[in-house]
Amino acid sequence: MFPPPIWMMRQAGRYLPEYRATRAQAGGFLDLCYSPKLATEVTLQPIRRYGFDAAILFSDILVVPDALGRKVAFVEGEGPRLEPLDLSEVGRLDLDGIARRLGPVYEAIELIRAGLPYETTLLGFCGAPWTVATYMIAGRGTPDQAPARRAALTDPEGFAQLIDVLVAASIAYLSAQVSAGVDAVQIFDTWAGVLDPSELRRWVIDPTARIVAGLRAQHPGIRVIGFPKGVQAGLVDFVTSTGVDAVGLDWTIPSAFVRAEVQPRVAVQGNLDPMRVVIGGRALDEGVDRVLAELGDGRLIFNLGHGITPDADPAHVARMVERVRSAGTRATA
Ligand code: CP3
C-alpha cells in the first residue's frame with residue numbers, strides 16, 4: 001500500500017509547546033489570528049516537527065462574524081463569546097468587512113506559502129454557514145445548539161437571510177484565500193449532526209452546494225473538502241449534492257458504508273478517534289492500522305475524526321505519522 005497523505009485538524013494548537021510559547025507572545029487569541037507573522041509561525045510549526053503533507057492556515061471560523069461587525073472574544077479556558085444575534089439584526093451585517101477587515105489573513109497566506117516546502121499543500125478554510133450561525137445566535141458553544149435550532153424552526157425566513165449572508169461571506173472569504181495562495185479549502189460544519197433530515201438539506205447541504213458553486217465560478221477546479229461532522233444518513237446526499245471533492249469523516253462512521261457508498265464518489269478524510277492520540281501505545285497503533293486497513297484501499301487522506309485535543313502528547317503524533325508512512329513496508333514485510 002502506498003501511504004496516504006496525512007495532516008491533522010487543529011495541528012497547530014495547544015498540544016504543542018512551541019504553539020503555547022507563540023500564543024503567549026500574542027496577547028489574545030484573535031491577535032494571534034490577525035498577526036500575519038505569528039499566524040505564519042504557528043501554521044509552520046507542525047510542518048517543521050512532523051512534515052505533514054498539508055498545512056492548514058492558522059485562523060478561526062469566528063473571524064467571519066468578527067469581520068461582519070459582530071463582537072467576538074475568546075475567553076481563556078472557556079471558548080468563544082459573541083454578542084448573541086437576533087434575526088432582526090441580520091440586515092446590519094457588513095459583507096464588505098470580508099475584504100476590508102480580513103487583510104491580515106490574506107497576508108498570512110502569502111507568508112505561509114513562501115515559507116512552506118513546495119510539495120506541501122496549503123489548505124484554507126471557513127466555517128459552514130450553519131455552524132457559524134449556531135455560534136452567532138447562541139453567542140457561545142452549546143451542547144446541542146438549541147438556540148439556533150429554535151431560531152431556524154421559529155423564523156425560517158429570517159434564518160434563511162442569515163444563511164444567505166453567510167453563504168455570500170464564505171464565497172468571498174474562500175475566494176480571497178485562493179487568490180492569496182491556498183491550494184484547496186475545507187468547509188468545517190462541526191454542528192451538522194444536530195439537524196433533522198429536512199433541516200440538514202436546507203441549512204447544510206444547500207448552502208454548502210452554493211458555496212462550492214460560487215467559489216468554482218471564480219476559481220474553476222478548486223478542490224473543496226466538506227466536513228459535515230456527525231452526519232451519516234445524509235452523507236451520500238451531501239457528497240452528491242454539494243460537489244465537494246472530499247469529505248471528512250468522524251470516527252463513528254462505519255467503514256463498510258464508507259467503502260460501499262462514499263469512496264466510489266469522493267475521497268474521504270479521517271477518521272482516527274482523537275482520544276487514541278491522547279492514549280498512545282497500542283490504542284493508537286490499532287486505531288491507525290484500522291483506518292489504513294479499512295479505508296486505505298480507496299481514496300483516503302489520513303486525518304483524525306475531529307481536531308487534536310490539547311492533552312495529546314506530541315510524541316504520540318510522531319508515532320502516528322511514522323506508522324502511517326511505514327504502512328506499506330509493514331504490510332509486505
Ligand atoms: O486546524 C488548525 O490547526 C487551524 C486553525 C483552526 C482553529 N480553529 C484554531 C483554534 C481551525 C480550522 C479552527 C476551526 C474552528 N474553530 C471550528 C471548526 C472545527 C472544529 O474544531 O470543530 C470551530 C467550531 C471553531 C470555534 C472555536 N475556536 C472554538 C469552539 C474554540 C474554543 C475551543 C477550544 O479548544 O478552546 C476556538 C479556539 C481555537 N481555535 C483554538 C485554536 C488553536 C484554541 C484557543 C487558544 O489557543 O487559546
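Quick word on the model. It's predicted, so local features need pLDDT of at least 70 and side-chain atom pairs count only at pLDDT 80 or more, while totals for chains, interfaces and linings use all residues. Residues are numbered from 1 along each chain as its sequence is written.

Back to Gly181, which sits in the loop between α9 and β5 (184–189). Helices (H or I, at least four residues) and strands (E, at least two) are DSSP runs, numbered from the N terminus. Just after α9, Gly181 takes a positive phi of about 135 degrees. And who does Gly181 touch? Leaving aside neighbours within four places in sequence, Gly181 is in contact with Ile109, Glu110, Arg113 and Leu122. Contact here means C-beta atoms, placed from the backbone, within 7 Å.

Now look at α9 itself, residues 156–180. This helix has 25 residues and reaches 35 Å from first C-alpha to last, close to the 36 Å expected at 1.5 Å a residue. That expected span is 1.5 Å times one less than the number of residues.

The UniProt record, an unreviewed entry, lists residues including Gln11, Arg14 and Thr190 under "binding site". Positions follow the numbering used here, feature names are shortened, and annotations may be inferred rather than shown by experiment. Gln11 is in the segment before α1 (17–26), and Arg14 lies in the segment before α1 too. Gln11 counts as buried, because it has 27 C-beta neighbours inside 10 Å. Arg14, with 14 other C-beta atoms within 10 Å, is partly exposed. Not counting residues up to four places away in sequence, Arg14 touches Tyr19, Arg20 and Pro310, while Gln11 is in contact with Pro46, Phe52, Ile56 and Ile308.

Which residues come nearest to the ligand? Of the 24 around it, they're Ala12, Gly13, Gly79, Phe188 and Thr190. Near means a C-beta atom, placed from the backbone, within 6 Å. β3 (79–82) and β4 (121–127) each supply at least two residues of that shell.

Strands pair if DSSP finds at least two bridges between them. Ala73 stands opposite Arg81 in β3, and in the hairpin, Gly77 takes a positive phi near 80 degrees.

Key: Contact = placed C-beta atoms within 7 Å. Buried ≥ 20, exposed ≤ 12 C-beta atoms within 10 Å, placed from the backbone.
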